[in-house]
Each structure stands twice: as C-alpha cells, then as structure tokens.
Amino acid sequence: MDFNLFMNDIVDAARKDITEAGFKELRTPEEVDEALKQKGTTLVMVNSTCGCAGGIARPAAATSIHYDRRPDHLVTVFAGQDREATERAREYFEGYPPSSPSFALLKDGEIVSMLERHDIESYSAMDVMVKLQALFDAHCDEI
C-alpha cells in the first residue's frame, strides 16, 4: 500500500470524526482569526493523527458538548496538516507550549484555559470529557 494514500485515509477519517461532531474546521490563518476573535466562548480542538487523538480526544470532544453548558463556538485545527492555521491558533494560546492533541477554551478571543496533551494521554475519553465539562461549567453559559 502507498504510504501517502494510507495517511490520507487516516487524516480524512480524523477530520470527519470531529466535523461530524459539530466542530467547524479552520484551514487557513484568516479562518482562525475570524473564528477566534468572535464574542463568546470558543472551544478549539487541536486535532492530530496520534492514537490519543483518535481514541481519547475526539470521542471526548464529541460527547462533552452534549451538556447543559457548552461553548458558543466549536472549531478545530489540524496539527501537522494545516500548519499555518495551527500556528495561528497557537498564537492565541499565550502561555502554553504547542501541544497536540489539545483543547483551548477562549472567551472573547482570549485564552482562559487549556487541556494539553499530558491532560489527555493516559486518561480515558470519559476522564477528558469530564475535564472539558468542568471548563464549560466554569466559563460557559447554560444552553
């Protein structure tokens, strides 16, 4: 099997997982700026092809949003794929090193909290969902 075709299938599946969950994919720096400067709360998932993204982070993201409180906006960038968009998003995550997968919660364009890779790997999807919902309780309005 051709490696590039294999990787394209993996990337396509990873993109589909998170967009089907309701996250808007941001693929350019301009799309990132437009999305992250919006008023309200925005959850950014930094997606990746690693096992902890597919087995933990994306399932946690998809289930966490079925909750009484949730961010106003759900967006995603893809580390290693949409490099310029990911780099731009990381500019908003002041004080946090690059990490993927990860989740950043912004309010009115400012970072309020982040779940980094070390907050995701070695945990279950349910554990990460609970961490995300705790952020929603602290920073998001009831829907």
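Predicted model: local features only at pLDDT ≥ 70, side-chain atom pairs only at ≥ 80, totals over all residues.
Where is Pro101 placed? Pro101 is in the loop between helix H4 (83–91) and strand E4 (102–107).

View 1. Pro101 belongs to the loop that links H4 and E4.

**View 2. Asp108 has a positive phi.** Its phi is near 50°. Asp108 is a residue other than glycine. The residue is in the loop between E4 and strand E5 (110–115).

**View 3. Helices H3 and H5 pack at an angle of about 45°.** Helix H3 covers residues 51–64, and helix H5 covers residues 125–139. Their axes are 8 Å apart. Angles under 35 degrees count as roughly parallel and those from 65 to 115 as roughly perpendicular; H3 and H5 are therefore oblique to each other. The crossing is right-handed. From H3, the contact takes in Gly55, Ile56, Pro59, Ala60, Ala61, Thr63 and Ser64. From H5, Ala125, Val128, Met129, Leu132, Gln133 and Phe136 meet them. Nine residues of this contact are nonpolar and four are polar. No charged residue takes part.

**View 4. Helices H2 and H4 cross at roughly 35°.** Helix H2 spans residues 29–36. The axes of H2 and H4 come within 8 Å. H2 passes H4 in a right-handed crossing. H2 contributes Pro29, Val32, Asp33 and Leu36. H4 contributes Glu84, Ala85, Arg88 and Ala89. This contact holds five nonpolar and three charged residues. It has no polar ones.

**View 5. Lys131 lies over the face of Tyr123.** The distance from Lys131 to the ring centre is 3.4 Å. What does a search of the whole structure find for aromatic pairs? The search finds zero.

**View 6. Lys24 sits in strand E1.** The strand consists of residues 24–25. Which residues does Lys24 contact, leaving aside its neighbours within four places in sequence? They are Leu74, Val75 and Thr76. Ala85 is 61 residues from Lys24 in sequence. In space, the two are 13 Å apart, C-alpha to C-alpha.

Notes:
Residues numbered from 1 in each chain as written. Heavy atoms only, no water. Helix = DSSP H or I, 4+ residues; strand = E, 2+ residues; numbered from the N terminus. Contact = heavy atoms within 4.5 Å. Axes fitted to C-alpha atoms, helices over the stretch in contact; angles between N-to-C directions. Parallel < 35°, antiparallel > 145°, perpendicular 65-115°, else oblique. Left-handed = near helix turned anticlockwise from the far one by under 90°. Nonpolar A, V, L, I, M, F, W, Y, C, P; charged D, E, K, R; others polar. Phe/Tyr/Trp six-rings, centres within 6.5 Å; stacked < 30°, edge-to-face > 60°. Lys NZ or Arg CZ within 6 Å of the ring centre and 35° of its normal.
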